[in-house]
Amino acid sequence: LDYAGAKPAGGMGRSLRPLLEQRGGPWRDFLVSEFQHTGRIVRTAQYKYVQVAGDPVEQLFDLRADPWEMRNLNDDPTRASTMADHRKLLAGWNAKMAAVEPTPPVGGKGRARG
């Protein structure tokens with residue numbers, strides 16, 4: 001949108017232009033993604049933290065030491081502060097998100113698929 005001279009709707013998003021033009025400077029320290037509408041992932045330079053609504057088991061993976069995500073570090077006492085930091089990042093990100101009504105299905109409710 002930046003190259004086209006347009007602004008993102010609702011002020012959401014950032015331009016990738018500085019990265020594409022290799023101008024450097026700060027970008028971001030973490031990324032949040034969502035899966036299956038109830039799961040959230042916080043990805044930092046070294047860790048991947050996963051929280052799923054209704055699931056009491058959080059997940060934390062050290063992607064440098066365990067790139068295949070085979071060992072969940074959620075109960076490792078030496079990672080307690082890392083878990084807390086990632087929870088805080090996710091809570092802050094969630095607090096900034098505005099609630100949006102779900103998009104109704106195409107063809108209206110209750111319509112049988114053929």
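**Briefing: fold, core and salt bridges**

At 7% relative accessibility, aspartate 62 counts as buried, where buried means under 20% relative accessible area, exposed over 50% and partly exposed in between (1.4 Å probe, protein chains only). Aspartate 62 forms a salt bridge with arginine 79, with 3.3 Å between the closest N and O atoms; a salt bridge is a side-chain nitrogen of Lys or Arg within 4 Å of a carboxyl oxygen of Asp or Glu. The model is predicted, so local features need pLDDT of at least 70 and side-chain atom pairs count only at pLDDT 80 or more, while totals for chains, interfaces and linings use all residues. Residues are numbered from 1 along each chain as its sequence is written, and side-chain values use heavy atoms, with hydrogens and water left out.

**Overall layout**

- The chain has two helices and four strands, in the order α-β-β-β-β-α along the sequence; helices (H or I, at least four residues) and strands (E, at least two) are DSSP runs, numbered from the N terminus.
- Of the 114 residues of the chain, 20% count as buried.
- The chain exposes about 9,100 Å², and carbon and sulfur atoms supply 55% of this area; accessible areas come from the Shrake-Rupley method with a 1.4 Å probe, and for residues only the protein chains shown count as cover.
- Among contacts in the chain with a separation of 6 or more, 21% are between residues 24 or more positions apart, a contact being heavy atoms within 4.5 Å.

**Nonpolar core and its surroundings**

- The largest nonpolar core has eight residues: Val32, Val42, Tyr47, Tyr49, Leu60, Leu73, Met83 and Leu90. Such a core is a set of buried Ala, Val, Leu, Ile, Met, Phe, Trp, Tyr and Cys residues joined through side-chain atoms within 4.5 Å.
- Strand β3 (47-52) and helix α2 (80-96) are the elements that give two or more residues to this core.
- In soluble globular proteins, nonpolar side chains tend to be buried together.
- Methionine 83 touches Tyr49, Glu58, Leu60 and Asn74, leaving aside residues up to four places away in sequence.
- Threonine 82 lies in helix α2 and is buried at 13% relative accessibility. With residues up to four places away in sequence left aside, threonine 82 touches Tyr47 and Leu60.

**Salt bridges**

- A search of the whole structure finds eight salt bridges.
- Glutamate 58 pairs with arginine 87, the closest N and O atoms being 2.7 Å apart. This pair links distant parts of the chain, 29 residues apart: glutamate 58 is in the loop between β3 and β4 (59-62), and arginine 87 is in helix α2.
- Glutamate 58 is buried at 17% relative accessibility, whereas arginine 87 is partly exposed at 36%.
- Arginine 79, the partner of aspartate 62, is buried at 18% relative accessibility.
- Arginine 23 forms a salt bridge with glutamate 21, again with the closest N and O atoms 2.7 Å apart. Arginine 23 is exposed at 52% relative accessible area, and glutamate 21 is partly exposed at 36%.
- Asp2, Arg17, Glu21 and Arg23 are linked in a network of salt bridges.

**Nonpolar surface patch**

- Tyr3, Leu16, Leu19 and Leu20 make a nonpolar surface patch of about 440 Å². Patches are made of residues with over 30% relative accessible area and no salt bridge, with like charges joined within 9 Å and nonpolar side chains (Val, Leu, Ile, Met, Phe, Trp, Tyr) within 5 Å.
- Leucine 16 is in the segment before α1 (17-20) and is partly exposed, with a relative accessible area of 49%.
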